[in-house]
Structures are given as structure tokens and as C-alpha cells.
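Subject: Structure for you to look at

Hello,

I am passing on the structure we talked about, and I would be glad if you read the notes below with it open beside you.

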Amino acid sequence: MSNLQVSVYRYNPETDSAPYMQEFQVDTKGRDVMVLDVLHMMKEQDSGLAFRRSCREGVCGSDGMNMNGKNGLACITPLSDVVKNNKLTLRPLPGLPVIRDMVVDMGLFYKQYERIQPYLQNDTPPPAIERLQSPEERDKLDGLYECILCACCSTSCPSFWWNPEKFVGPAGLLQSYRFLADSRDTATSERLSNLEDPFSVFRCRGIMNCVAVCPKGLNPTRAIGKIREMLLADAT
Amino acid sequence: MSNLRSLTFDAIIIGGGGSGLRAALELAKSGKKTAVLSKVFPTRSHTVSAQGGITCAIASDDPNDDWRWHMYDTVKGGDYIADQDAAEYMCSEGPKAVFELEHMGLPFSRLDNGRIYQRPFGGQSKNFGEGGQAARTCAAADRTGHALLHTLYQNNLKNNTVFLNEWYAVDLVKNASGDVVGCIAMCIETGEVVHVKSKATVLATGGAGRIYASTTNALINTGDGIGMALRAGFPMQDMEMWQFHPTGIYGAGTLVTEGCRGEGGYLINKDGERFMERYAPNAKDLAGRDVVARSMVMEILEGRGCGEKGDHVFLKLDHLGEEVLGKRLPGIVELSKTFAHVDPAKDPIPVVPTCHYMMGGIPTNIHGQAITMDESGNDHIVNGLFACGEAACVSVHGANRLGGNSLLDLVVFGRAAGMFIEGALNEGIEYLDASESDIESAMKRITRWNESEGGESIPELKAELQEIMQTSFGVFREEKNMLEGVDKLALLRERIANAHLPDKSNAFNTARVEALELDNLMEVAEATAIAALERKESRGAHSRYDYPDRDDVNWLKHSLFFPATKELKKRDVNFKPKTVDTFEPKVRTY
């Protein structure tokens, strides 16, 4: 069994004038391990290799990265899903500034998330127990609340690459719709008016890269479509 | 040292998981100058991995449910060394804390009447164990921790909490009187080290499951707060009590929620036998986790394990049907496919008991104030130091935590700590400033790593530590094996003290973080090992071949490990709840 050839993006701002690709040989002993396991093996060879990781089971969203050209989570991506001709190329999520190696500055991504006011707003005083919600109303949140903020979607979106300051991006819009769809939220019109400019929502061109890469199988494009419908209905 | 920049807050909360964020929310609302300092972006904290739910008597599934029944279960589940005043506080305040989460937007699953969905979990009963199985665990499908953590983060955004994300707390700073007056912390992105001054320092740093080779815990669970407190000389309570979750996925260690068994799944051995019927005739697969984990190990040791090596058992779920699995356990379906290559709608999941939760930690009262004990056995408050969540030992979990009680612990005691600190700040807190030498002593450790020129490698030492703990301090323990473990750890401590950090760069140096984490793993492992060796009985999760019985005469006590002398002392358990009669220790059967 020949070693896996891994080509990884390296950049240390203190020592490198420009980023470069470094080649690693990794002996996986023929096992179909996860890409994150491979990164750990590489880090044993070079402790300076920087990447984020936490839960290692696909729920914390730390290790979003670009693996052989496609965004995903390293911890739940087995080699058999991405490796071609025994080669694996690892790059940081595209479109965000690189801090070091695989670690990107997610500031813009978080800013867009914060912009949609990602919290329940309800202007009535809360009851002594929980607010009631029927199972059917609750079902509307499925496919929305599960987002883990890994940024795989927004950083695969050409509209977000072009206008990261003005286009909310698929992750933020998915969360926006999560609150618009919540029967307990009463801020619908404020939420919509916060989005009605030409960029926030309408820069989505329906390319659907977000849907193709979401490691949780969520569908931001559909959520964006629903917001558009609400905006258009609101305008007429 | 005087060139160290300082940041000043009324309260600094170290850790951005459930308890830290709940404490922060309380303080942010009060307008106190508060910051959350977290080594990962808060929603990457380990709370996000909690699956099954938050146990609380909100009387949704059963309108007659009673928090006293929950308290009884908790005390019994903890094998009677849970503090009854703390369990009383958690179970009675719980409903308020859970309703608050719902009001904040937590997307709980629902019953037809619109109330919060509750599922059965292990160790739950109605009517003080007399009324059969209860369904008391409030759930958002099988992603309750994710829903809870995101909801808390969102509400902290709403209330403008200050976040120092991707900052790493290195060590506590104590003043000349021994009060905790802040910490040394490092910005991971830039490598800058600062002195954080604070009137209240809250350790909400979670667990340390990474001391074991096989754990359900996130890679970040390295017991940083425990390490910091031990190095500052403060004692740890009940560190021998580690929960092994019955259902970690074989090989991968990832968690499969107890909710699977709550929804009707059960464990089988290689003969297809539902073996829990033999070990716990009433509760069966929903007995306490310690009981189920031991039963599984017995099956494996007696040759009835599954697979080629006979070293695991199976969790059978296929009879629940795709609809229940899709609706109630969607995350488990995903995880089993990814990590066990099994579709639970068709085949059983291979599982094995896996390190999951630290019942012990920093001893605190119900306000989160850290406690130490003097020579005569009297408790004393440690000024300026607080702890909540898994890092704390209030103790509501005693010798074995019930499923769903950790999320409740987080929000109830995070909230309680926040409220108490707000009150204390209002009354005014004045401690002596730290001197230059106080700060220097808190800088010692990071300076040591930064100046290291050679020595052994960090990942190898970590792997050795995890192997020692796995081998000598697992589900079943005995003296000979533990003595070997303690000796090996003593040698390992020396080696870690001389280990090498090859990468001294500043920008996002994860190797430096891992070096600092290794010190903390060492502290936690040592406290665990010595406490386990010294507690000469079997109780809850601490199970010894050489002392197979519970010994209430000598050990109906907390253990307290003192780092300076490495001694284990005993501390009284609280048997005085305020509003209910004491639950007297009984033989614990399920």
C-alpha cells in the first residue's frame, strides 16, 4: 500500500512572505480514516501545522475546509469520499482571509450571521411555562435550526465571494429563515425590512453550491427562496 | 513582566459552553462588565455534542410529575454522595431554567398539545421509585445540546456579551492573601499574553475526558480549569468518579444517546440476548449508566461479546422503524452511518462503554463559589473563584450522573453563579491587586514551554497518559493495577515537565495550546488516579474488584484531593435539603 500523497496549504505570517503548498506522505495503513485523522498524522510530522478541530463528529463546525476542491468537514469525510488517484489536496475555506495554514478569519461570516438578529424575538410577556407550539409548527424548523456555522456553504458561494460585506450569504439567510419560520417569533416585518435591499438576499443567484456542500444536508437555497417569497408578498 | 498588557472586567468567565454562556447571560443582562474567554468559538464547545436532552420535572409528559421524584432519582443515581441541598436546588429550580431556555427560542420537540416533548431516560422513576419509569427528559430531537448551546450564544449576542473567542486561559492569578483576582490568558490568533484582572473568575471549562484513550469527549476536553485550580493549590472533589457511557460507538468513541434506549432500543450480546434483563430486572436498559456499563463489560469478559474479538455488544434499534428513527433520532442515524458504517434501521450499532463525564471537579456551593477545607475539616470559600458546569462538583451527580442531568446542571448552576456574582458585585468586592511576583508565578508555566529547548514530543506523552488511564482506571479497578498507574503517572509528570515545544511562533500556534493542555491533562489524571486508589470501596462509577461493596461506614463521603501534598481527605456530604426530608441511603437496585 503506497502512502497517501497530501498536498496542504501552508502560510505562517511570521515566516512566510507568501503561501505555498507543502507535500506530505501519510501512511494510513490502508484504513479508510477521516481527513481529520490524516491532519493529525501530518501534525505529528510537523507540529506547526495549524487547523481547527473540536468535536470530531460533525456537530461543532470547527473543521470546515476545502478537500480536493470541495468544502466539507474534515472529521466526517472519509478518505474514500474525496481521495482521487491516492492524492488529497487540502486548502482553507475559500474567500476568507487566512490567519495561518488551514485557519481562516471567520469575522465576516460571523458578522453576517449577527446581522440577521439570530435570536428569537417575541414582544409578548412570556407565560409561566413554555410557549406552546404545535408539532406541525415545530416541524417547520427542521432543516433550519441544525446549522453548525461551519461556513462550508457561504465560502463556496460566488455571490458571497464577491459581496461578503453586503450579501448575507447562505448560512446567515438559513438562520434568518429559521426565525421567520418560528411560530413564536413576532419580529417578522422588522426582519424582512432588514433584508429588502438589493444585496442582502437578492444577490443569491441560485447557484446552489451551498446545498451541494452542506455537511448537515441542509438546503439554504430553499430557505432563501422562502425569504424572497415573503419579501415579495410584503412588497405588494 | 510589567510590560504585560492588562484587561479589566468585573467578571471573567472562562469557557463558552452551556454553563459559561448561561452565567454570562445573567451578568450581561445586569450590565456588569463581563467577558467570556473561550479557547474555541463558543458554539464549538462540547455542550454542542449533547444529544438526548435535559432532564427536568416540567410536568409535560406527565402532568403530575414532581421535582421531588427527580431529586430522589438524582440522589439514588449518585449512590448517595450527591449533596442533597444541591440536588434539591437543581431539581426545584430546573423548570424555571428550562422554561427560560424555551422563551429564548430553544427549538424543543413538541407533544400534540404543544408542550415540550419529554422522553424516558435511565434511572428515572415516578413516586420515589415506586411508580415505574418516568419520561422526564426534555428533548430537541437528538440534538438538544446543539439547540441549547446555539440558543444561549444567540441570546448572549442579543445582550451584547463581550467575547474573547479563541483565547486560552493559562493560569489563575492569586494575590498575596490567596484570593483569585484574574488569570493569565493568551490570544491564540496573535500569541499575545495578557493579564486579565477580575473581581470574579468563573471556571466553566467543562470536562477532561481526553485523559482516557477512548472517550466520547471532544478533542478540546482537556480539563483546563481543573488544571488551573490544582496548580493554584485548590483541592478537587470526587475525582475518582468518571462516568463510562454505555453506548460509545465501537472504535470511534462517538456517543450514541441513551435516548435510543429511552425510545425503546436495547442492548444485545452475541447470542442476541437482551442481557440487561438479568442485571436490572425492572429498569433493564434504562438502569443507571454505571450499572449498564458494568453489565456490558461483564458480558464481554464472560465471552458473550460481539464481533471477531468479542469486545463489544450491539445496540438494537431497527424495531423502532424508520419513522421514529427519522423523527426522534436523526442525528444517531447520521453518526452510525458515518462512524460505524451501519444503518440502524437495518442493523444494530456496535457499542462499548466509553469515558463520558467527570462527576468530580472543583468543589462549590450552590452559588458556584469554590470551596476549600481547612485542617479541622471546615469549609472555606475561596475568594474570587467560581466554577460551574462539568468543571464544578456542586455535587448534584455524586458517584454517577443520570442522563440528561448535565444539561440541567449547566443552566441551573450557570444561572445561579451569574445571579450570585451580580449580587456580590453590587455589594462591592475589593481584593488586593496582584503583585509583580504574583503575576510572574502565574506566568511560570507558559514561560517554561516557551523556553524549552529539547525533550520529548507532546503528542507521544499525551498518548501515553491516555493509555495509562485507560488501562488502570477504567470501568473496573483494583489496587495492584492502580498502583502501577500511579507510579507511571509520577514518572510521566517528570517527563512532561521537561517536554519540548518545537514551534515557538505566535500566530495561531496550536502546538503551544496543546502543550498547555497536556499539563492540564496531567493534573486531572493524577488527581483521578490518587483519588481512585484511595477510595477503598465500590460506589457508583467507581467499581473495584478488591473492594466490591459500598462502604457507608467509611465512605459515605466526598473525597478531596489536595495537590500540594497529594493527599486525599474526606469531606461531609450534605444530607440536609431545605424543603424535603432527607433521602436516606438505601441499597441501590434497578
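**Where the chains meet**

In this model, which is predicted, 59 residues of chain A are in contact with 61 residues of chain B. The size of an interface is often given as the accessible area lost when the parts come together. Between chain A and chain B the buried area is about 4800 Å², and carbon and sulfur atoms give 52% of that area.

There are also 8 salt bridges between chain A and chain B, together with 35 residue pairs in polar contact, both residues being at pLDDT 80 or more. Which elements of chain A give two or more residues to the side that touches chain B? They are helix 1 (35–45), strand 6 (98–100), helix 3 (107–115), helix 4 (135–139) and helix 6 (169–180), and helix 1 of chain A gives the most, with 4 residues. Sorted by class, that side of chain A has 32 nonpolar, 10 polar and 17 charged residues.

**Salt bridges**

Side chains of opposite charge can pair when their charged atoms come close. Over all chains, the structure holds 64 salt bridges. One of them joins K216(A) to E334(B), with the closest N and O atoms 3.2 Å apart; this pair crosses between chains, from the loop between helix 8 (209–213) and helix 9 (220–235) of chain A to helix 10 (residues 330–339) of chain B. K216(A) is buried, with a relative accessible area of 14%, whereas E334(B), at 29%, is partly exposed. Another pair between the chains is D139(A) with K327(B), where the closest N and O atoms are 2.6 Å apart.

Within chain B, D79(B) and R588(B) meet in a salt bridge (3.7 Å, N to O). D79(B) lies in the loop between helix 2 (67–77) and helix 3 (84–104), and R588(B) in the segment after strand 22 (567–572), so the pair ties together parts that are 509 residues apart in sequence. Both D79(B) and R588(B) are buried, and they belong to a network of salt bridges that also includes R535(B) and E537(B). The closest N and O atoms of E537(B) and R535(B) are 2.8 Å apart, and each of the two is buried, with E537(B) at 0% relative accessibility and R535(B) at 0% as well.

**Nonpolar cores**

The largest nonpolar core has 173 residues, and those with the most contacts inside it are L39(A), L90(A), I54(B) and I349(B). A second, separate core of 93 residues includes W167(B), Y212(B), F244(B) and A434(B).

Best wishes

Definitions and conventions
Residues are numbered from 1 along each chain as its sequence is written. Chains are lettered from A and ligands numbered from 1 in the order in which they are written. This is a predicted model: local features need pLDDT of at least 70, side-chain atom pairs count only at pLDDT 80 or more; totals for chains, interfaces and linings use all residues. Side-chain values use heavy atoms; hydrogens and water are left out. A nonpolar core is a set of buried Ala, Val, Leu, Ile, Met, Phe, Trp, Tyr and Cys residues joined through side-chain atoms within 4.5 Å. Buried means under 20% relative accessible area, exposed over 50%, partly exposed in between (1.4 Å probe, protein chains only). Contact means heavy atoms within 4.5 Å. Buried area is the accessible area (1.4 Å probe) that two parts lose on being put together, summed over both. A salt bridge is a side-chain nitrogen of Lys or Arg within 4 Å of a carboxyl oxygen of Asp or Glu. A polar contact is a pair of N or O atoms within 3.5 Å; within protein, one must be able to donate a hydrogen and the other to accept it, and residues adjacent in sequence count only if both atoms are side-chain atoms. Ala, Val, Leu, Ile, Met, Phe, Trp, Tyr, Cys and Pro count as nonpolar, Asp, Glu, Lys and Arg as charged, and the others, Gly among them, as polar.
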